[in-house]
Amino acid sequence: MSIPTSSENLLAGRAAVVSGGSRGIGRAVVELLAELGAGVEVNGRDGDAVTDTVAAVTAAGGRATAVVGAADDETVAIALVDTCRDSFGRFDILINCAGIAEPPGSSILDITPEEFDRLIGAHAGTVFHTCRVAARAMAAQGHGTIVNTSSVAFLGDYGGTGYPAGKGAVNGLTVAIAAELKSKGVRANVVCSGARTRLSTGSEDEKHIADLHRRGLLDDVTKQASLDSAPPAFVAPLYAYLASDLARDITGQILVAAGGFVGRFDRPTPSLLGYRDHHDAAPWGIEDLHKMFGARG
């Protein structure tokens, strides 16, 4: 990827951990961070894929080391931070890209408890364990930035169970972390990323998108965008930007990057449907509520 000259050393001297950094979006993020000057700790479950990514980065003149293992394991999360410090002398950035796909055709009607728990662990569990370790280190040193990965699937439009639930948990946990650590100089944001990766490629995925469109969950535009996603290189710059000092005032945000689209989810606020002062009024009656929601009898 071509980087503007003014950005070439944007992350020089920084050290980053990237979970899920050996493939797809994570690998694109690793390569860009290294190109911008950061030392990068590459993490993933597949040792061969991690080794290949580290080799590619170092061959290109970057700095990278490896920790193999699932980042939803506390011992691996601790090793990520410790190894980053040992390798690069510091720890500034945590980026979580690790995740797994929902089983093909999975729904609340047939998913097993074991499958659901695995999905929650891979997404929310990874963010919890890595952020728990990283937050303590960053708060103690008075600086640091966290970027977690979510998906617009948290809205439920793409169906599934543990995947949207896990991504929704990632959003809520990240916003809470941002609020708690803001006074300590630590930022935390979410990127809902959309890109063509091994998790969103193949006939099963195409069948799933077509079925969602048939059921009316996806409109024509969203269906086409889902079937024609851009490569991960289009998503990686937002992660790098959020990791840099250019984004020093951005925290607690849920952002979207998909191809050429960059967006932001506004903070949810309730719309007023009705109000009574509980000090001098009775609770709402069932008929009152029925009228309030505009339902017909």
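The dialogue below takes up these features one after another.

Reply: This is a predicted model, in which local features need pLDDT of at least 70 and side-chain atom pairs count only at pLDDT 80 or more, while totals for chains, interfaces and linings use all residues. Residues are numbered from 1 along each chain as its sequence is written, and side-chain values use heavy atoms, with hydrogens and water left out.

Me: How many aromatic pairs does a search of the whole structure find?

Reply: A pair of aromatic rings is described by the distance of the centres and the angle of the planes. Rings of Phe, Tyr and Trp (its six-membered ring) pair if their centres lie within 6.5 Å; planes under 30 degrees apart are stacked, over 60 edge-to-face, and the rest tilted. The search of the whole structure finds one such pair. Helices (H or I, at least four residues) and strands (E, at least two) are DSSP runs, numbered from the N terminus.

Me: Is Phe-154 buried, partly exposed or exposed?

Reply: Buried means under 20% relative accessible area, exposed over 50%, and partly exposed in between (1.4 Å probe, protein chains only). Phe-154 is partly exposed because its relative accessibility is 26%. Phe-265, at 27%, is also partly exposed.

Me: Which strands pair with E7?

Reply: Two strands pair if DSSP finds at least two bridges between them. E6 (residues 186–194) runs parallel to E7, with five bridges; Val-191 has Leu-255 as its bridge partner in E7. E7 and E8 are antiparallel, also joined by five bridges, and Ala-257 is partnered by Val-262 in E8. These two strands form a hairpin with two residues between them, where Gly-259 in the turn has a positive phi of about 60°. Four of the five residues of E7 (residues 254–258) are buried, so this strand is largely enclosed by the rest of the structure.

Me: Which element gives the largest share of the largest nonpolar core?

Reply: A nonpolar core is a set of buried Ala, Val, Leu, Ile, Met, Phe, Trp, Tyr and Cys residues joined through side-chain atoms within 4.5 Å. The largest has 34 residues, and those with the most contacts inside it include Val-18, Val-40 and Tyr-239. Elements giving it two or more residues include helix H1 (24–35), strand E2 (39–44) and E7. H1 provides the largest share, seven residues. Another core, of 26 residues, lies apart from it and includes Phe-88 and Ala-188.
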